[in-house]
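Have a look at the model, then try each task before reading its solution.

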Amino acid sequence: MTDTAKLRAWTEIDYQAIGHNVEEVRKLVGNTKILGILKADAYGHGAIECAHELAKAGVDFFAVACLSEAQELRKAGFDQPILILGATPPAAFDELLAGDFIQTLVSLEYAQKLSDYAKACNTKAKGHVKVDTGMNRVGIVYQEGARRYDQIRAVYELDGLDVQGIFSHFPVSDDLGFDSREFTRNQVRLFKEVLERLKEDDIDPGVRHIQNSYGILNYKDLGMDYCRPGLLYMGVTSDDQVPIASTPDFIPILSLKTKVAMVKTVPDGATVSYGRHYHCQGARRIASLMIGYADGLPRLISNQNLMISIRGHKVPLVGNICMDQCMADVTGFDDIEEGDIATIVGVDGQNVMTIDSISRAAHTINNETLSTLSRRLSRVAKD
Ligand SMILES: *Cc1c(COP(=O)(O)O)cnc(C)c1O
């Protein structure tokens, strides 16, 4: 393991557990293959390192949010197909072709532009058609009352494009409530209807995919060619208090750690940190930690007694989180001292500290908490 002696705040990533998590996904989805989502630096886990582990686990297809993320993977030597999930500005179409990337075709107009560009270069651009079955973000609308099938077919017929796949996306696959389940099942019906119509028109749709992580957990095997897990191979869901329809055995791969800079005794009646929101009742031992909101520890978790673990003791964060530091009340644990490692996320002795509790305190989901961990954090691979 990298020596952490010189570090002030870091994530420790258990890359080897990715293979296990991929197997857990495979148990759910039958013969559906995995398209590994690596956007936002694999939600802060390191896209290159995660891509290596996914490839080792047999994942043969990657997706990212944007061109620069796709280029980073190519530069690192990955020659797998890479799908770009968002729109690439037409001014950068040259780089799309140079990297041999697969562009999400977000509308017929957009697909026409890309096709024209590729034709002018005497080549074909690769793409997957996005079908909007209810997310109402990008994609050609195919919903009740607005079945734009002609536009979908027209994309397949553009001669500057090599359309290799088709996909849609779920907005409420995380919710097991009746309405949300109906909505999601209807999306699957609409998507299958598109596939059926393409078949009738003798058009090969290419690879078909629709499930994100909750789509996998709650709808399991939908008979598609690929599924698109991000969070799941990282071993977490968006929120561990949201019930799911399966019981996979995932290993969270990320730990978040920092160190105690100093411990001081603060007298009765004194306050801790900006805003003076934590009032000491009796003398308190306060440990200052080497991490703050500029590292990605959300300021919103301030003053909620969020627990962290030091030397196997659960202790609360107190007072406002500062940009580069924060404080814990370690009263009663006299063994805690300067230099100790503080586990904010991860296992410390008997204590298991989850990213979920941070996300909840910050009124958000793990997707955001993870993907906004800052560049200033060092990253260490667990051995
Ligand atoms: C981010 C993203 C995913 C992965 O989402 P998870 O919830 O992390 O599995 C899948 N599909 C699309 C289109 C996405 O943008």
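Predicted model: local features only at pLDDT ≥ 70, side-chain atom pairs only at ≥ 80, totals over all residues.

Residues are numbered from 1 along each chain as its sequence is written, and side-chain values use heavy atoms, with hydrogens and water left out.

**Exercise 1.** Find which residues of helix α7 are buried, and work out how they are placed around the axis.

*Solution.* Start with the helix, a DSSP run of H or I with at least four residues: α7 spans residues 149-156. Next, pick out its buried residues (under 20% relative accessible area, 1.4 Å probe, protein chains only); they are Y149, I152, V155 and Y156. Finally, look down the axis: these residues fall within an arc of 120 degrees (taken from the directions from the axis to the C-beta atoms), so they line one face of α7.

**Exercise 2.** Classify the aromatic pair of F62 and F78.

*Solution.* Recall that rings pair if their centres lie within 6.5 Å; planes under 30 degrees apart count as stacked, over 60 as edge-to-face and the rest as tilted. Now place the residues: F62 is in strand β3 and F78 in the loop between α4 and β4, so the pair ties together parts 16 residues apart in sequence. Both F62 and F78 are buried.

**Exercise 3.** Do likewise for F170 and Y219.

*Solution.* With centres 6.1 Å apart and planes at 45 degrees, this pair is tilted. F170 sits in the loop between β9 and α8, and Y219 in helix α9, 49 residues apart. Both F170 and Y219 are buried.

Terms used. Buried < 20%, exposed > 50% of the residue type's maximum accessible area, 1.4 Å probe, protein only. Helix = DSSP H or I, 4+ residues; strand = E, 2+ residues; numbered from the N terminus. Phe/Tyr/Trp six-rings, centres within 6.5 Å; stacked < 30°, edge-to-face > 60°.
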